[in-house]
Amino acid sequence: DQLRALKKDTSIRLGLSLSGVNQSATLEKALCIPLDPAAPSLKGARLFDCVQATYNCAEQSVGPALLRARQAGVDVIVKEAMANGRLLKGEPAARVQAAADKMGVTADCVCLAAVMVQLFRP
């Protein structure tokens, strides 16, 4: 109720940040929370206007939920696009670097481009 009041009183945009294995389930639930509990059909405004989620070449499970969020008018912010560096070292780095070499770019560019081309338009 306090978040609803804050949003109504200030017109600020509210978001939520996700991580872990339950990102998709949490996002699906959050998309169903109306701004006005008396109008639960969501024909009115949602409580949350944007979502920040972990998405990268190694973790793509939340992708379909992010697409549904975008289609519902929710802005999408991606965090950990380079998997906190895990895509730039060790075994995954060899594959990423090979792709980067083919394209004549750096490995971090490949990681970021793989996120930026998603249909949920981060």
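**Close-up views of a predicted model**

Y55 and F120 are both buried (under 20% relative accessible area; exposed is over 50% and partly exposed lies in between, with a 1.4 Å probe and protein chains only). The model is predicted, so local features need pLDDT of at least 70 and side-chain atom pairs pLDDT 80 or more, whereas totals for chains, interfaces and linings use all residues. Residues are numbered from 1 along each chain as its sequence is written, and side-chain values use heavy atoms, without hydrogens and water.

**View 1. The aromatic pair of Y55 and F120.** The structure holds 1 aromatic pair (ring centres of Phe, Tyr or Trp, the last by its six-membered ring, within 6.5 Å). Y55 belongs to the loop between strand 2 (50-54) and helix 3 (63-71), and F120 to the segment after helix 5 (107-116), 65 residues apart (helices are DSSP runs of H or I with at least four residues, strands runs of E with at least two, numbered from the N terminus).

**View 2. The positive phi of S11.** S11 is not a glycine, yet its phi is about 60°. This residue sits in the loop between helix 1 (2-10) and strand 1 (15-17). S11 is exposed, at 62% relative accessible area.

**View 3. The positive phi of E80.** E80, also not a glycine, has a phi of about 60°. The loop between strand 3 (75-79) and helix 4 (90-103) contains E80, which is partly exposed at 28% relative accessibility.

Terms used: Phe/Tyr/Trp six-rings, centres within 6.5 Å; stacked < 30°, edge-to-face > 60°.
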